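Student: I have a model to go through and would like to discuss it region by region. Could we begin once it is displayed?

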Amino acid sequence: AAAEEEEEEESDDECDEIPESFRKNEEQMGRARQSVSAEAYGEWNAKKAFVAPVICKTDEQKDRLKSCLCKSFLFSSLDSNDLGIIIGAMKEIEVEAGKRVITQGDDGDFLFVIESGTLDCIKGGQVVKTCQIGDVFGELALLYNCPRAADVDAKEKSVLWQLDRDTFNHIVKEAAQKKRARYDSFLSKVPLLQSMDAYERSQLADALKGEVFSDGQKIVQQGEVGQKFYILEEGSAVATKGGVEVMNYSVGDYFGELALIRNQPRAATVTSKGMTKLLSLDSSSFKRLLNVNALLERANKYT
């Protein structure tokens, strides 16, 4: 019975995706989390010695978990020491198909990374997102002190890795918040993305990777297979087709979508003009996070 109660407690805390407001004060939350707020934001917390929990794992489990985390946007950029702490602190959870993993409105003290299986986030009886291998869910409660904002059900038998709030706050949170804040401000000004809400932009921000190109360096090559979508963060670039200039790009412009949407080779070569910073999105994340129909409506740049 105790084990069942523990499993139920863990399940209720697993996912809080798609909140209507990232930042809710304690009165709005229904159940005050003043101790959590102080823990997350109090100055004293920075001075407090922190020792992450260590959950025993086999070498096989550690290898599986490391492979899983490397696919996750929140953890892939951690240095080896921090990654080792996270691996030590995470707990393996198995859920059966149909299991209610998260209940909307609950408080959350854990986030989860999916190693295998798929889970549906449900609001008002409608599936609003399907989480897949490598996805992180439940992080918003830890980042922004929000209640769970959706029910989450396992579509099939799934293996999840659970991380507690304290370890996340000390090892991952600051870097994750800075990345999201930086990219969210920029992404909100990109015309194509202005219809996205804050949650959707946060997911996109997690998936983006910064890339730097020197003057005259080719970013994409006409005729090659497309693997990435690009948004220009700083600098400028030019597209050429058969050696003829067909398009100039400035901050906030995007390119590379046609090859991904249509599964066709690159239609043009894009070259940086001066030092250029780009945000790239891989093909899988592109199709999962962006409105492909909206992109198709705008796909007239090379025709």
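Student: Thank you. In which strand does Glu233 lie?
Tutor: Glu233 lies in strand 11, which spans residues 228-241. Helices (H or I, at least four residues) and strands (E, at least two) are DSSP runs, numbered from the N terminus. Please note that this is a predicted model, in which local features need pLDDT of at least 70 and side-chain atom pairs count only at pLDDT 80 or more, while totals for chains, interfaces and linings use all residues. Residues are numbered from 1 along each chain as its sequence is written, and side-chain values use heavy atoms, with hydrogens and water left out.

Student: Is Glu233 buried or exposed?
Tutor: Glu233 is buried, at a relative accessible area of 11%. Buried means under 20% relative accessible area, exposed over 50%, and partly exposed in between (1.4 Å probe, protein chains only).

Student: And what is Glu233 in contact with?
Tutor: Leaving aside neighbours within four places in sequence, Glu233 is in contact with Arg182, Tyr183, Phe186, Val251, Lys277, Leu278 and Leu279. Contact here means heavy atoms within 4.5 Å.

Student: Stepping back, how many helices and strands are there in the protein?
Tutor: The protein has twelve helices and 14 strands. Of its 303 residues, 50% count as buried. Among contacts between residues at least 6 apart in sequence, 79% join residues at least 24 apart.

Student: Let us turn to helix 6. Which of its residues are buried?
Tutor: Helix 6 covers residues 80-89, and its buried residues are Asp82, Leu83, Ile86, Ile87, Gly88 and Ala89.

Student: What do those buried residues pack against?
Tutor: They pack against helix 5 (59-69), strand 1 (91-95), strand 8 (158-164) and helix 8 (165-187).

Student: At what angle do helix 6 and helix 8 pack?
Tutor: The angle is about 165°, and the axes are 10 Å apart. Helix 6 is therefore roughly antiparallel to helix 8. Axes are lines fitted to C-alpha atoms, for helices over the stretch in contact, and angles run from 0 to 180 degrees between N-to-C directions. Angles under 35 degrees count as roughly parallel, over 145 as roughly antiparallel, 65 to 115 as roughly perpendicular and the rest as oblique.

Student: Which residues make that contact?
Tutor: Helix 6 contributes Asp82, Ile85, Ile86 and Ala89, and helix 8 contributes Thr167, Ile171 and Val172.

Student: Why would residues three or four places apart point the same way?
Tutor: An α-helix has 3.6 residues a turn, so residues at that spacing point the same way.

Student: New topic: where does UniProt place the feature "binding site"?
Tutor: An unreviewed UniProt entry places it at Glu139 and Arg148. From this set, the lining of the largest cavity takes in Glu139. On a 1 Å grid over the protein atoms alone, a cavity is a set of points where a 1.4 Å probe fits but cannot get out, and lining residues have an atom within 4 Å of a point. The UniProt annotation "binding site" (unreviewed entry) also covers Glu257 and Arg266. UniProt positions are given in the numbering used here, feature names are shortened, and annotations may be inferred rather than shown by experiment.

Student: Where are Glu139 and Arg148 found?
Tutor: Glu139 is in helix 7, residues 139-144, and is buried at a relative accessible area of 1%. Arg148 is placed in the loop between helix 7 and strand 7 (151-154), and is buried at 2%.

Student: And where do Glu257 and Arg266 lie?
Tutor: Glu257 is found in helix 10, residues 257-262, and is buried with a relative accessible area of 1%. Arg266 lies in the loop between helix 10 and strand 14 (269-282), and counts as buried at 7% relative accessibility. Beyond residues up to four places away in sequence, Arg266 touches several residues, including Gln221, Glu224, Tyr230 and Ala259.

Conventions:
On a 1 Å grid over the protein atoms alone, a cavity is a set of points where a 1.4 Å probe fits but cannot get out, and a pocket is an open set with protein on both sides within 12 Å along at least five of seven lines; lining residues have an atom within 4 Å of a point.
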